[in-house]
Amino acid sequence: MILRTTVRATVNPKYLNQQCTKAEHSVAVQAERDCRPFIPGGSGRLRNSGRVYGRTIVWDRPYARMQYFGKVYVDPQRKIAGFPTPDGWRSFRGRKKERSGLDFHHTSGGPQWFKRAKDVHLKSWLRLAQGVIERG
């Protein structure tokens with residue numbers, strides 16, 4: 001005996017968009033967590049500055065770009081990154097810096113932490129998104 005059947009499904013695009021938005025947000029939250037071990041810094045300020053806005057992750061520290069790309073950014077007029085103070089290294093406020101050819105050396109973690117975390121966790125992020133969409 002052979003049984004043949006046809007199934008027709010109607011998907012509400014609004015519902016699918018809502019589920020995709022939830023999945024994107026869930027993946028962004030998990031990705032931010034998974035990036036933490038790859039982020040450089042001893043004090044943890046950069047690591048703890050990560051915030052998720054919708055599907056976007058923002059690390060909100062003034063030196064985040066320099067740390068992420070692994071290049072020293074310098075004041076274009078003075079050709080230096082900053083200056084030492086008794087409280088630590090400080091930068092020149094209000095000046096747009098430019099990327100130099102010098103590599104930044106990390107004591108822990110390293111540059112491009114999102115790409116490194118993605119190489120390790122991409123499959124689990126895809127499973128998470130699929131689960132969120134399926135659960136509805």
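The model is predicted, so local features need pLDDT of at least 70 and side-chain atom pairs count only at pLDDT 80 or more, while totals for chains, interfaces and linings use all residues. Residues are numbered from 1 along each chain as its sequence is written, and side-chain values use heavy atoms, without hydrogens or water.

**Fold and overall shape**

- The protein has 4 helices and 6 strands. Both are DSSP runs numbered from the N terminus: helices are H or I with at least four residues, strands are E with at least two.
- From the N terminus, the order of elements is α-α-β-β-α-β-β-β-β-α.
- The C-alpha trace spans about 85 × 25 × 25 Å along its principal axes.
- The radius of gyration is 22 Å, whereas a compact globule of 136 residues would have one near 14 Å. The radius is taken over C-alpha atoms, and the globule rule is 2.2 Å times the number of residues to the power 0.38.
- Of the contacts with a separation of 6 or more, 60% join residues 24 or more positions apart. A contact means heavy atoms within 4.5 Å.

**Surface and burial**

- Accessible surface totals about 10,300 Å², and carbon and sulfur atoms hold 53% of it. Areas come from the Shrake-Rupley method with a 1.4 Å probe; for residues, only the protein chains shown count as cover.
- Buried residues make up 27% of the 136. Buried means under 20% relative accessible area, exposed over 50%, and partly exposed in between (1.4 Å probe, protein chains only).

**Largest pocket**

- The largest pocket has a volume of about 1,000 Å³.
- It is lined by 31 residues; Pro62, Tyr63, Met66, Trp89 and Ser91 are the closest to its centre.
- Elements giving two or more residues to this lining are α2 (45–48), α3 (64–69), β3 (71–74) and β5 (88–90).
- A pocket is an open set of points on a 1 Å grid over the protein atoms alone, where a 1.4 Å probe fits, with protein on both sides within 12 Å along at least five of seven lines; lining residues have an atom within 4 Å of a point.
- Grid points are joined across faces, edges and corners, and the volume is the space filled by probe spheres set on the points.

**Positive phi**

- Most residues other than glycine have a negative phi.
- Lys79, not a glycine, has a positive phi of about 60°. Lys79 sits in the loop between β3 and β4 (83–85) and is exposed, at 54% relative accessible area.
- Gln112 has a positive phi near 50°. Gln112 lies in the loop between β6 (98–103) and α4 (113–135) and is partly exposed, at 27% relative accessibility.
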